[in-house]
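Dear colleague,

I am handing over the structure below, and I would be glad if you could look through it before reading on. My notes on what was found follow directly after it.

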Amino acid sequence: MSGPAPVHEPRPGLFDPLLARFQLSGRERLIGRILVWLVRLPGAVRLLTLWHERRSRD
């Protein structure tokens with residue numbers, strides 16, 4: 001094959017319609033930030049684990 005190689009042009013919004021339903025809401029982003037902040041505190045991971053175990057039993 002001689003001649004120029006094919007050029008692939010970027011299409012930045014190609015997957016936007018498919019990914020739209022997976023976008024986090026503002027509330028979910030806020031909760032995520034709070035959880036990341038809590039994990040930095042000593043003992044917080046253990047407390048969150050216990051809380052989650054307690055909620056999962058019900």
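The protein has a radius of gyration of 22 Å, whereas a compact globule of 58 residues would have one near 10 Å; the radius is taken over C-alpha atoms, and the globule rule is 2.2 Å times the number of residues to the power 0.38. Along the principal axes, the C-alpha trace spans about 65 × 25 × 20 Å.

Please bear in mind that this is a predicted model, in which local features need pLDDT of at least 70 and side-chain atom pairs count only at pLDDT 80 or more, while totals for chains, interfaces and linings use all residues. Residues are numbered from 1 along each chain as its sequence is written, and side-chain values use heavy atoms, with hydrogens and water left out.

The mean pLDDT (the predictor's confidence in each residue, from 0 to 100) is 90, and 97% of the residues reach 70 or more. Confidence is lowest in helix 3 (residues 44-57), at a mean of 88, and highest in helix 1 (residues 16-19), at 94.

The secondary structure comes to three helices and zero strands, where helices (H or I, at least four residues) and strands (E, at least two) are DSSP runs numbered from the N terminus.

Of the 58 residues, 2% count as buried, a term that means under 20% relative accessible area, with exposed over 50% and partly exposed in between (1.4 Å probe, protein chains only). Pro42, in the loop between helix 2 (26-39) and helix 3, is exposed, because its relative accessible area is 81%. The C-alpha atoms of Pro42 and Gly32, ten residues apart along the chain, are separated by 18 Å.

Leu14 lies in the segment before helix 1 and is partly exposed, with a relative accessible area of 41%.

With kind regards
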